[in-house]
Amino acid sequence: MAEELKGGSGGTTDIYNVEAAEILANEALLLPISEAAPIYEKLLSTFPTAAKYWKQYVEAYMAVNNDEATKQIFSRCLLNCLQISLWRCYIRFIRKVNEKKGTDGLEETKKAFDFLLSYVGSDIASGPIWMEYITFLKSMPATTVQIESQRMTSVRKVYQKAIVIPTHHVEQLWKEYESFENSVSRALAKGLLSEYQSKFNSAKAVYRERKKYIDDIDWNMLAIPPTGSSKEEQQCMAWKRLIAFEKGNPQRIDATSANRRVTFTYEQCLMYLYHYPDIWYDYATWHAKTGSVDSAVKVFQRALKALPDSELLRYAYAELEESRGAIQSAKKIYESLLANSVNVTSLTHIQFIRFLRRTEGIEAAKKYFLDARKSPSCTYHVFVAYATMAFCLDKDAKMAHSVFEAGLNKFMHEPGYILEYADFLCRLNDDRNVRALFERALSILPPEESVEVWKRFTQFEQTYGDLSSMLKVEQRRKEALSRTAEDGSSALENTLYDVVSRYSFMDLWPCSSKDLDHLAQQEWLAKNMNKVDKPTLQNGSSALGSEKAPVGLATNNKVSPPSTKVVLPDTSRMVVYDPRQTKGPEFSAPSSVNSSTSTLALLGAGTGTTQGIDEILKVLSPPLVAFITQLPSVKGPSPDLDVVLSILLQSSIPVGNIGKPASSSQQVLTGPVPSTSDISGSSWSRLNQNGSANRLRRDGQLGKRKDLERQEEDDTTTVQSRPLPQDVFRLRQIRKSRGVSNPQTGSAASGGSAFSWEQSISTD
């Protein structure tokens with residue numbers, strides 16, 4: 001069985017392997033209970049809140065009528081697994097055991113129902129249990145009128161409890177309650193139903209909201225330690241939302257009932273988030289805030305059984321006990337932390353010293369410190385914590401100084417301890433011993449571990465020393481640290497950067513932020529000039545400009561070098577952005593639009609040339625070429641539209657399919673759409689989304705082309721004789737390239753229909 005739970009690399013046993021657990025549970029179903037029992041015990045020791053495994057285990061004993069073993073299993077799991085399916089299994093077992101015991105058996109079953117509903121009666125799926133209980137009460141024999149009256153009263157009370165709980169069956173229970181009251185007494189039913197109608201409506205409304213939160217929860221999830229997966233995070237947030245919903249008391253019931261529902265929700269949550277310390281802590285603190293400190297203590301005790309290695313929960317538990325005055329209970333919690341010598345840390349010693357100082361006084365804290373300093377788990381942090389406490393709380397500078405000196409013999413190699421000791425001496429205004437401490441430490445520490453000590457020594461001299469000592473320490477620091485640098489000679493040079501470091505204070509700088517950036521860049525370039533190639537140096541200003549020099553200067557750190565590989569954009573492929581030429585994903589350009597686009601590209605390259613016109617004519621259909629030959633000569637930047645439209649209406653040009661692919665002979669012109677229209681003339685034309693051309697007015701607005709197209713759709717007879725929009729666009733470009741204008745007499749030949757159609761087009 002252990003092999004089934006192995007997972008991960010190297011054969012490491014993963015006791016929380018969910019897949020292996022499911023395989024074992026399925027195998028146990030096929031085995032006799034004598035062989036399956038060890039498997040169930042192993043599974044339930046790992047997943048103690050897995051209600052489905054408990055149910056499977058207990059049903060195996062129920063199948064062989066082993067009542068004693070069944071009772072023992074129920075006593076182990078019921079109160080920790082508030083799941084309806086498991087509790088229904090329990091009531092089924094109780095009814096089976098008591099069915100042959102007569103009146104006593106019925107009374108025992110009634111008590112079992114009351115016990116069950118007191119724990120899981122507020123579950124959203126508890127409706128069938130309420131109905132089963134009511135049916136059981138109705139079936140109880142009544143030999144006298146008094147017993148019958150008591151039975152009816154019991155049934156009424158159960159109904160009245162059930163109809164105010166937001167469950168899946170709340171409406172069905174209400175209908176049954178109405179029928180029950182009407183069958184007993186219509187006169188009494190009217191008053192009782194009107195009294196409970198509003199309560200039922202409230203429960204029904206809360207049920208709808210409650211169900212939204214319930215539906216987000218995975219009720220088959222096993223309780224495993226947090227792994228950080230998205231599913232676990234979603235489940236955790238789903239439970240927290242449900243708990244917050246219940247804490248809000250949406251049904252506006254009394255405080256006792258509302259707290260009972262919150263408790264039930266927390267208990268159900270812990271079945272699945274059993275290894276989450278924050279859930280345990282929230283549950284305990286909620287009890288404490290509602291005034292039930294004893295319940296909070298019990299929750300913490302359960303939490304420590306579930307998570308025995310959680311030092312954080314022990315501190316929270318000790319804090320609760322100390323806050324309510326139970327000093328001895330809190331002390332036992334600290335002692336339990338210290339009893340496990342393997343997991344004892346310096347933090348444990350420090351917190352216990354502080355606790356003793358708060359509760360028992362100076363001598364108790366001192367006594368424990370003298371013992372703790374001999375512990376192998378004691379680090380320099382314990383000495384610093386006790387010395388600081390003696391100096392700040394006990395006002396005993398002599399004791400604090402003695403503690404620091406005692407620790408110096410043991411922790412001279414720890415830069416952190418040196419810095420804390422130096423800070424303490426600075427508080428005492430003992431500058432002579434501060435310098436002596438730095439000199440003593442720097443003579444022992446290797447260069448690679450002395451960076452922070454040199455930095456603090458330099459800051460001390462810059463703040464409290466004279467100019468000669470300041471410069472001397474800075475030079476010594478450079479010489480010591482240059483041994484660890486790759487380019488030691490450059491590290492020894494003095495720069496303006498050093499002056500900034502000397503004459504800055506907190507967030508005040510002797511120069512502007514721009515100068516700080518410049519100095520940081522120059523210092524980095526000076527140190528890396530042999531490592532960076534020339535192109536990088538040329539573009540280095542933009543890359544280095546992103547560094548925040550003030551941050552580096554504030555900590556006296558050098559600006560970290562940027563990447564030497566700077567990727568620059570290819571400016572040869574840049575185009576001017578024009579939103580009117582941007583085609584969104586919802587548009588599907590047909591092949592004819594591509595043909596017009598190619599024509600526009602050609603015109604941009606050779607407008608006004610004979611070669612350009614000939615190339616345009618090659619891509620036009622033969623009927624359109626014949627139509628072009630009929631056009632009159634036009635002088636000016638554009639032809640008169642009345643003349644063009646009249647010729648269009650009198651010509652028989654076949655209508656093409658816009659979505660039809662062009663032939664191979666038409667797919668001659670290709671090329672990118674120009675970023676701006678380079679067509680000659682004062683009036684520019686641009687392609688719209690469907691490939692047609694819109695002329696810009698002088699005020700920058702497009703003509704009413706959409707109105708034109710809408711009228712084209714209405715007049716189907718006329719549409720069949722008109723060319724495509726892209727063909728009209730080509731015609732306009734040809735007329736412009738010829739540089740001739742249209743005689744103004746052409747409008748008479750256009751006919752009334754052509755003129756009226758043109759009226760919808762905006763004039764330039």
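Predicted model: local features only at pLDDT ≥ 70, side-chain atom pairs only at ≥ 80, totals over all residues.
1. As to the chain as a whole, the secondary structure comes to 38 helices and two strands, and 43% of the 764 residues count as buried. Of the contacts between residues at least 6 apart in sequence, 59% join residues at least 24 apart. The accessible surface comes to about 41,300 Å², with 53% of that area belonging to carbon and sulfur atoms.

2. Helix H10, which covers residues 186-214, has a kink of about 35° centred on Gln 197. Its buried residues include Leu 192, Leu 193, Tyr 196, Phe 200 and Arg 210, and the buried residues of H10 pack against helix H8 (145-162), helix H9 (170-184) and helix H11 (230-247).

3. Ser 122 deserves a separate comment. This residue lies in the loop between helix H6 (102-120) and helix H7 (127-139). Is Ser 122 buried or exposed? Ser 122 counts as buried because its relative accessible area is 14%, and the cut-off for buried is under 20%. Leaving aside residues up to four places away in sequence, Ser 122 touches Ile 165, Arg 210, Arg 261 and Phe 264; of these, Arg 210 is also one of the buried residues of H10.

Notes
Residues numbered from 1 in each chain as written. Heavy atoms only, no water. Helix = DSSP H or I, 4+ residues; strand = E, 2+ residues; numbered from the N terminus. Buried < 20%, exposed > 50% of the residue type's maximum accessible area, 1.4 Å probe, protein only. Contact = heavy atoms within 4.5 Å. Areas by Shrake-Rupley, 256 points an atom, 1.4 Å probe, with all protein chains shown as cover. Bend = angle between axes of the 7 residues up to and from the residue.
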